[in-house]
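Thanks for making time, everyone. Have a look at the model on the screen, and I'll walk you through a few spots in it.

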Amino acid sequence: MARILLNKDNLFYNLEAISQKATSKEKVAVVLKDNAYGHGIVEIAKLSCEFGIKKAVVRSVEDAQKIKDYFSYILILAPNVFHNYSHTFHIALNTLENIEKIPQNSNVHIKIDTGMHRNGISIDDIEVAILGLLKQKANITGVFTHHKGADELSTNFFFQKELFSKAKAKVKEICEKLFLPIPAFHSCNSSALFREKNFEELNEDFARAGIATYGYLEDDLQFNFPKLKPVMSLWASKMATRTLKKNQSVGYGGKFTASSDMIVSTYNVGYGDGFLRLNENHNYTTPKGFQVLGRVSMDNLSINSEEEEVCLFDDVRELAKIHNTITYEITCSLKENIKREII
């Protein structure tokens with residue numbers, strides 16, 4: 001049976017680095033959307049709670065329900081239904097059109113579009129949003145934005161920071177005029193947090209730690225990002241072993257041909273499990289030095305090994321390069337039916 005192992009020590013190492021940068025555990029919200037980036041939402045929630053993190057960020061109300069026992073503060077980024085299930089839930093307002101859907105007494109975080117132009121309201125519409133939410137008798141508990149290029153060498157990061165500073169000032173002005181409590185402010189994702197020279201001087205209430213929680217940051221740029229530790233490893237179990245004779249091929253298309261007699265085994269992971277398809281144009285070596293041979297099938301792959309269990313990866317950066325993608329996609333692609341185990 002294929003399985004995913006989650007390294008508790010590595011996770012805690014990453015959370016400690018994040019907490020120190022954010023100045024405390026109280027100023028960290030762990031991002032658990034999309035099954036905790038493929039790691040397992042309940043498993044990572046339990047461990048994060050054990051570490052002492054009290055805030056979480058998820059995609060949906062359904063995800064919030066799964067982890068409600070582990071956190072006292074859960075932000076729902078993309079609610080598809082608007083229900084006041086719990087006083088610990090905070091709903092993101094991504095567009096003015098959704099204001100009338102917000103139930104009475106709901107906690108709401110207003111998302112500000114500072115240049116990503118994906119979700120969020122414009123700075124000019126902040127007062128409209130606040131007045132509309134007050135009419136709905138909602139609680140305005142947060143205001144936030146999202147960086148589109150904090151991990152890139154460009155001016156976008158500084159431009160968005162400046163716009164969000166203006167948004168925060170406008171929110172404070174309106175709240176003081178209407179005798180409303182000042183909401184929590186947050187803008188930093190993983191890269192933005194570690195790119196900040198001094199998070200405390202940013203004067204925000206918490207940072208949203210996504211990919212850094214799981215051990216990855218873009219570390220090939222001159223930002224002095226810390227070396228984090230990948231949390232996930234993927235293991236496959238042997239299905240069958242055979243001797244591949246010289247000049248015999250294996251797999252679809254016969255794209256790997258043995259240059260001499262060799263031992264080959266099939267293992268029970270394929271692209272149907274979310275292990276993205278490798279083919280004859282990609283050479284991939286497992287952490288122990290075995291080769292994935294030919295094309296990956298839907299439910300299995302072939303390796304020059306006869307071990308009962310093989311680790312396919314314990315760091316996805318090499319696979320991300322091969323597939324010309326990002327680490328997020330490699331981990332998020334893994335299906336939920338693969339068993340997750342904490343070690």
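This is a predicted model: local features need pLDDT of at least 70, side-chain atom pairs count only at pLDDT 80 or more; totals for chains, interfaces and linings use all residues.

Residues are numbered from 1 along each chain as its sequence is written, and side-chain values use heavy atoms, with hydrogens and water left out.

Okay, strands. Two strands pair if DSSP finds at least two bridges between them. Take strand 10, residues 232–244, which pairs antiparallel with strand 1, residues 3–6, over four bridges. Arg3 has Trp235 as its bridge partner there. Strand 10 also pairs antiparallel with strand 16, residues 309–313, again through four bridges, and in that pairing Ala236 sits across from Val310 as its bridge partner. Then there's strand 13, residues 262–267, joined to strand 10 by six bridges, also antiparallel. Leu244 and Met262 are bridge partners in that one.

Next, the annotation. Which positions does UniProt give as "binding site"? The unreviewed entry lists Arg118 and Met298. They're spread over 181 residues of sequence and, in space, up to 34.0 Å between C-alpha atoms. Bear in mind that such annotations may be inferred rather than shown by experiment, and that the feature names are shortened and the positions given in the numbering used here.

Arg118 is in the loop between strand 6 and helix 5. Contact here means heavy atoms within 4.5 Å, and, leaving out residues up to four places away in sequence, Arg118 touches Lys111 and His146.

Buried or exposed: which is Ser187? Buried means under 20% relative accessible area, exposed over 50%, and partly exposed in between, with a 1.4 Å probe and protein chains only. Ser187 counts as buried because its relative accessibility is 4%. Its contacts beyond four places in sequence include His147 and Arg208. Met298, at 44%, is partly exposed. Asn337 is exposed, at 61%, and it lies in the loop between helix 10 and strand 17.

Note on methods. Helices (H or I, at least four residues) and strands (E, at least two) are DSSP runs, numbered from the N terminus.
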